[in-house]
Structures are given as C-alpha cells and as structure tokens.
Amino acid sequence: MAESEDGQEKSEEPSERKLNKAKEEGNVARSRELGTAVLLIISVATMYALGGWLVEAIVMITNHTFEFDRAYIEDTSRMSAELRLSVYEATLKTAPLLIIMMIAGIIGGAGMGGVSFSTKAIAPKFNRLSPLQGLKRMFSLNSLVELGKSWLKVLLIGGSGVYLLWYYQRHFNALGMSDVMAEMKGAIELLLIPLFILALATALIAVIDVPWQAHSHKKKLRMTKQEVKDEYKNTEGKPEVKGRIRQLQREMSQRRMMDAVPNADVVITNPEHFSVALKYDQASMDAPVVVAKGGDEIALKIREIAKAHEVPIVQAPPLARSLFQFAKVDAPIPEGLFLAVAQVLAYVWQLRQYRRQQQGERPRKPNKFDIPDDLKFDP
C-alpha cells in the first residue's frame with residue numbers, strides 16, 4: 001500500500017477533482033508501448049500500400065541524379081541545381097509517408113490519457129534528485145514490471161529477428177542477382193515482414209502495458225483519509241463558514257421581505273405564530289403573490305411593519321397556516337387557495353371603500369374558508 005510523505009497510508013481512491021487536477025498538470029497515464037505499436041502498425045500498412053510507388057520514385061530520382069552528360073561536369077552550377085531538384089523530388093515523394101507517420105505518432109501518444117498540454121509536466125522536479133527516492137524507484141514494483149517488459153521485448157523481437165534472418169537467408173543471398181527494380185521491390189517486401197512481426201510483438205506488449213499503466217497511475221494518485229477530508233472541506237467549505245453564509249443569506253432574505261411588506265395589500269395572521277403578506281395587481285398578476293412570510297419573531301415583525309404603514313391585517317388562522325406551509329415567497333399562491341384568498345382580498349377592498357365613504361354597513365370579515373384537504377396544515 002502506498003504511503004504519503006508524512007507516513008499516512010493512501011487507502012482511498014482518487015476523487016474526480018484530483019484526477020481532473022492531475023490531468024490539468026499533465027500528469028496522465030501514458031503507455032510508450034501503445035504509441036510505438038500504433039506507429040509501427042500504421043507505418044507498415046502505409047509502406048505496404050505505397051511500397052511500389054516509393055520504389056518507382058526512388059529509381060526515377062536515382063536515374064535522374066546519376067545520369068548526366070559532359071556539360072554537367074564543366075558547369076558545376078548545373079550540378080547544384082540538379083542536386084536541389086533531386087532533394088525536392090525526394091522530399092515530395094516521401095512527404096505522404098512522413099506525414100502519415102507523424103499523425104500516427106500523435107494518435108499513439110494520445111491513445112491513452114488523451115491530448116494534454118501543461119508547462120508543469122516539463123518543469124524540473126528536484127525531488128527526483130534524492131538518492132533515497134531513486135533507490136525506492138529502482139526497487140519498486142513498477143521497476144520490476146519495466147524490467148519484465150524489457151525482457152519480453154528482447155525475447156519476442158530478438159527471437160523473431162533471428163528466425164526471420166534464418167528463414168529468409170536464401171532471399172537475402174539472391175538480392176543483387178537480377179533486375180534492380182525487381183530487387184528493390186523484393187527488398188521492400190523483405191523489410192516489411194520483420195517490421196510487421198515487430199509491430200505485432202509491440203502490440204502484444206502494449207495490450208499488457210496499457211492496463212498496468214492505468215492501474216499504476218491511479219494507484220499513484222490515491223489519497224489518504226486526511227486528504228479526502230481536506231478536499232471535502234476545500235470543495236464544500238468549512239461547516240462554520242457555510243453556517244455563517246447561510247445566516248447572512250437568511251438575514252438578506254428577511255430584509256428583502258420586510259422592505260416589501262409596506263407595499264402589500266393585506267397581511268394574513270394566525271394570529272400570533274404565522275404572518276403572510278400578500279400583494280395582488282389585477283393588471284399585471286395572474287394570482288396573488290406572497291411578498292413576505294414568517295413565524296414567531298418574524299411574524300411579529302411583519303405585523304409591526306404592516307401596522308406602521310397601515311397595511312390591513314386579517315386574522316384567518318387556517319388560511320395563514322396553509323399559506324405559510326405551502327406558498328413560497330415571491331411566487332403566486334397555490335391554486336387551491338385562490339378562493340379563500342379572494343374572500344380576504346374582497347373583504348379588504350370593501351373595508352377600504354367603507355372607510356373612505358364612512359356610510360353604509362361595515363363589511364363582515366369572512367369566518368369560513370374553503371381550503372382543500374391537501375393544503376390544510378395543522379402544526
């Protein structure tokens with residue numbers, strides 16, 4: 001089991017945040033064997049597809065370079081021009097192969113871990129100069145795996161090379177005995193066979209190496225229990241800080257509610273434990289909106305502000321309890337309470353009309369409210 005610098009056991013799997021941070025720093029799982037295998041396989045396939053065309057191009061450039069008349073010997077500038085032309089033609093002919101190999105190298109490098117650019121990955125790490133850390137790396141499990149891969153490469157690639165040299169010995173001896181063009185094509189084919197065997201051997205090693213590199217990388221990023229706790233605190237915030245933030249948010253919300261009470265049309269009370277302030281504008285609102293609500297001390301504060309600004313206060317305990325429980329601040333009231341609230345608003349408007357005119361019979365406050373069973377609340 002891996003240990004941290006302070007001796008704590010790294011027993012926890014790396015978090016998503018740590019994995020993302022490692023990727024940003026260029027610390028991702030890589031497999032050199034995978035990159036080499038992809039490069040070899042694509043290169044062999046490309047050379048197989050373009051082999052005949054490349055041979056013809058090489059023969060053409062060779063003939064053009066070494067066949068010249070006496071005038072070329074007497075005028076050295078013409079020789080230089082021909083050399084530049086040969087180099088240009090050679091570059092042009094080999095460009096497709098070189099471009100494909102470059103793309104294959106990029107694909108192989110990014111095949112595990114993806115594309116990652118980070119200056120931290122190439123920054124010098126002076127802790128690696130520690131002899132003690134060097135000894136730990138030399139005798140670690142990872143070093144044993146790398147040693148095993150090296151021996152596997154020697155056995156597979158070396159053994160394949162020796163067998164191919166023995167098997168194609170007669171073909172090698174026969175080279176140079178016939179037409180140059182035919183022998184060059186034959187040489188390309190003989191070259192492709194060991195390269196293909198080499199690619200297969202490297203691919204076999206890559207199949208073993210990729211899971212190991214993924215496991216090893218994840219193991220290096222494992223965390224101690226303390227690191228998990230610290231990361232949680234840094235991500236979610238310390239409990240005391242979160243509590244203070246919630247307290248400030250509540251205070252700000254209460255201030256906003258209290259500022260809205262003077263503009264309310266009515267405050268419905270329990271009468272003591274709950275207070276709910278409502279506003280309704282027929283021109284701009286589809287339903288009454290709760291602008292403030294609260295219990296106990298907040299309920300008392302809402303009533304004080306309402307009295308100071310002459311906002312009507314109506315005692316309707318069942319309706320006040322339902323509004324407090326099911327309605328949200330700055331949102332329309334539940335549809336099931338429309339009728340009950342309409343009774344209260346109608347009473348408030350009639351009361352205002354009566355107070356203005358000071359004549360007729362004083363309106364009666366509604367005593368019964370039609371509240372659906374699913375919106376009733378009894379604390």
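Strand β3, which spans residues 289–295, is mostly covered, since six of its seven residues are buried, where buried means under 20% relative accessible area, exposed means over 50%, and partly exposed lies in between (1.4 Å probe, protein chains only). Helices (H or I, at least four residues) and strands (E, at least two) are DSSP runs, numbered from the N terminus.

The model is a predicted one, in which local features need pLDDT of at least 70 and side-chain atom pairs count only at pLDDT 80 or more, while totals for chains, interfaces and linings use all residues. Residues are numbered from 1 along each chain as its sequence is written, and side-chain values use heavy atoms, with hydrogens and water left out.

Strand β3 pairs in the antiparallel sense with strand β2 (residues 274–279) over six bridges, and two strands are said to pair if DSSP finds at least two bridges between them. Within this pairing, Val276 has Lys293 in β3 as its bridge partner.

The chain as a whole holds 13 helices and four strands, and 28% of its 379 residues count as buried. Contact means heavy atoms within 4.5 Å, and of the contacts in the chain with a separation of 6 or more, 74% are between residues 24 or more positions apart. The chain exposes about 25,400 Å², of which carbon and sulfur atoms supply 59%; accessible areas come from the Shrake-Rupley method with a 1.4 Å probe, and for residues only the protein chains shown count as cover.

| Residue | Relative accessibility | Class |
|---|---|---|
| Thr269 | 1% | buried |
| Met102 | 52% | exposed |
| Asp373 | 66% | exposed |

Thr269 is placed in strand β1 (residues 266–269), and, leaving aside its neighbours within four places in sequence, Thr269 is in contact with residues including Phe274, Ser275, Arg303, Ile313 and Val314.

Met102 lies in helix α4 (residues 76–110) and, together with Ile99, Ile103, Ile106 and Ile107, forms a nonpolar surface patch with about 490 Å² of accessible area. Patches are made of residues with over 30% relative accessible area and no salt bridge, with like charges joined within 9 Å and nonpolar side chains (Val, Leu, Ile, Met, Phe, Trp, Tyr) within 5 Å.

Asp373 forms a salt bridge with Lys376, their closest N and O atoms being 3.3 Å apart, and the structure holds one salt bridge, defined as a side-chain nitrogen of Lys or Arg within 4 Å of a carboxyl oxygen of Asp or Glu.
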